[in-house]
Amino acid sequence: MATLFDKVSGDIRAAMKARDKVRTEALRNIKKYFIEAKTAPGANDTLDDDTALKILQKLAKQGEESANTYTQAGRNDLADEELAQVAVVKEYLPQPLSEAEIEAKVKEIIAQTGAVDMKSMGQVMGMATKLMAGKADGKAISAIVRKLLS
């Protein structure tokens with residue numbers, strides 16, 4: 001099975017052939033971060049998909065924050081450009097879970113751990129963030145855990 005790194009590399013070639021400037025630029029940026037992670041000390045020139053997903057999530061979040069900043073500054077042209085690149089990054093991320101799906105998984109974790117109050121929040125959050133890594137935002141998970149434990 002091809003890794004995310006291989007898929008992005010192949011998609012760069014396709015985007016270049018299609019002369020899709022935004023897509024090519026976004027994919028090259030992704031690959032740059034992937035290569036940095038591969039060549040980091042201790043990475044042994046490998047990049048597993050879990051690490052790649054974390055990088056993609058970070059890039060998507062940074063892009064959305066930048067677009068928000070541009071919008072507040074009245075630079076909608078730059079915001080649109082940033083959001084177009086974020087859309088390319090999000091193509092490689094798994095579909096996010098709905099609030100109901102997150103709540104169902106958190107209820108399962110609470111049942112497994114026997115958590116009954118806010119003192120157990122750390123334990124529940126630890127398991128929930130591992131289980132739903134890449135599929136749910138930490139803030140959304142935290143809000144649901146708080147709601148269910150209080």
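## Helix H5 and its buried face

In this predicted model, helix H5 buries Ile102, Glu103, Val106, Ile109, Ile110 and Thr113. An α-helix has 3.6 residues a turn, so residues three or four places apart point the same way. The partners of the buried residues of H5 are H6 and H7, against which they pack. On the other side of H5, the exposed residues are Ala100, Ala111 and Gln112.

The length of H5 can be checked against its residue count. Helix H5 covers residues 99-113, and its 15 residues, at 1.5 Å a residue, should span 21 Å. The C-alpha atoms at its ends are 21 Å apart, which agrees with that expectation. Just after H5 comes Gly114, with a positive phi of about 75°.

## Domain arrangement

The domain assignment divides the protein chain into domain 1, residues 4-91, and domain 2, residues 99-149. Between the C-alpha centres of domain 1 and domain 2 there is a distance of 29 Å.

## The aromatic pair and lysines over rings

The structure contains 1 aromatic pair. Its members are Phe5 and Phe34, whose ring centres lie 6.3 Å apart with 35° between the planes, a tilted arrangement.

Lys135 is located in the loop that runs between helix H6 (121-131) and helix H7 (138-149). With a relative accessible area of 36%, Lys135 is partly exposed; the value falls between the limits of 20% for buried and 50% for exposed residues.

When neighbours within four places in sequence are left aside, the contacts of Lys135 are Gln57, Pro94, Gln95, Pro96 and Leu97. Glu82 is 53 residues away from Lys135 along the chain, and the C-alpha atoms of these two residues are separated by 22 Å.

Key
Residues numbered from 1 in each chain as written. Predicted model: local features only at pLDDT ≥ 70, side-chain atom pairs only at ≥ 80, totals over all residues. Heavy atoms only, no water. Domains from an automatic or database assignment. Helix = DSSP H or I, 4+ residues; strand = E, 2+ residues; numbered from the N terminus. Buried < 20%, exposed > 50% of the residue type's maximum accessible area, 1.4 Å probe, protein only. Contact = heavy atoms within 4.5 Å. Phe/Tyr/Trp six-rings, centres within 6.5 Å; stacked < 30°, edge-to-face > 60°. Expected span 1.5 Å × (residues − 1).
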